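Please look over the sequence and the model below.

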Amino acid sequence: MKLIVGLGNPGIEYQFTPHNAGFLAVDRIAEVLGVSVVNRRGRALTAKARFAGQDVLLAKPETFMNLSGLSVAALVDELELDPSADVIVIYDELAFPLGQFRLAQRGSANGHNGVKSISGVLGTEEWIRIRIGVGKPALADGREIKAGGRDYLLTPMRRQELAVLDEVLDRVKDAVEVVLTKGVGAAMNEFNRKPGEPEGNGEAKGK
């Protein structure tokens, strides 16, 4: 069994905010697999499915972002999983512009409270993560726009931004499928490359 967790905040008011990119990614995977993430289990909404030939449990914690680790740990314990091999967590990342995402096998929280909670409760930073960029794209002259932290993360995205994210969610679904079939290293090599980069440049990216 593999556990695929999307991070976000429960509640309709948060549904289409940048901070809920992880929830939206899990919903996209569920949609493709023909299941609904509605079963309550381990302080999360969950759905069991077969994905890429493997049994998976899709999960959206109901604990709010800052306590995500309580839900993830409950599911890891119940299913007797190895976090480093069996857990994939999908969440938003301000450091990347909207339209990008990166995979990594481990990493620090980088200021993300949901990630901090998961690593704290599990007692390890060794778990696969997919970080979906929600930052503002750079200006034409290369200057970066700071996205504004908490207020920005909890403000619903505009239609144009949601259209960009929609395409990313499909690629994230594809990336999860490659992790399940070929391993995280292969997925990093394939999906961490920027357009035009040769293969092999993706492995070192990600925190």
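## About the model

This is a predicted model: local features need pLDDT of at least 70, side-chain atom pairs count only at pLDDT 80 or more, and totals for chains, interfaces and linings use all residues. Residues are numbered from 1 along each chain as its sequence is written, and side-chain values use heavy atoms, leaving out hydrogens and water.

Strand 2 covers residues 39-41 and runs antiparallel to strand 3, with 3 bridges joining them. Strands here are DSSP runs of E with at least two residues, numbered from the N terminus. Two strands pair if DSSP finds at least two bridges between them. Asparagine 39 has threonine 46 in strand 3 as its bridge partner. The two strands form a hairpin with 2 residues between them, and glycine 42 in the turn has a positive phi of about 55°.

Strand 3 also pairs with strand 4, antiparallel, over 8 bridges. Here alanine 44 stands opposite proline 61 in strand 4.

Strand 3 (residues 44-51) is mostly covered, as 6 of its 8 residues are buried (under 20% relative accessible area, with a 1.4 Å probe and protein chains only).

## Leucine 67

Leucine 67 lies in the loop between strand 4 (54-61) and helix 2 (68-79); helices are DSSP runs of H or I with at least four residues. Leucine 67 has a relative accessible area of 42%, so it is partly exposed (between the 20% and 50% limits).
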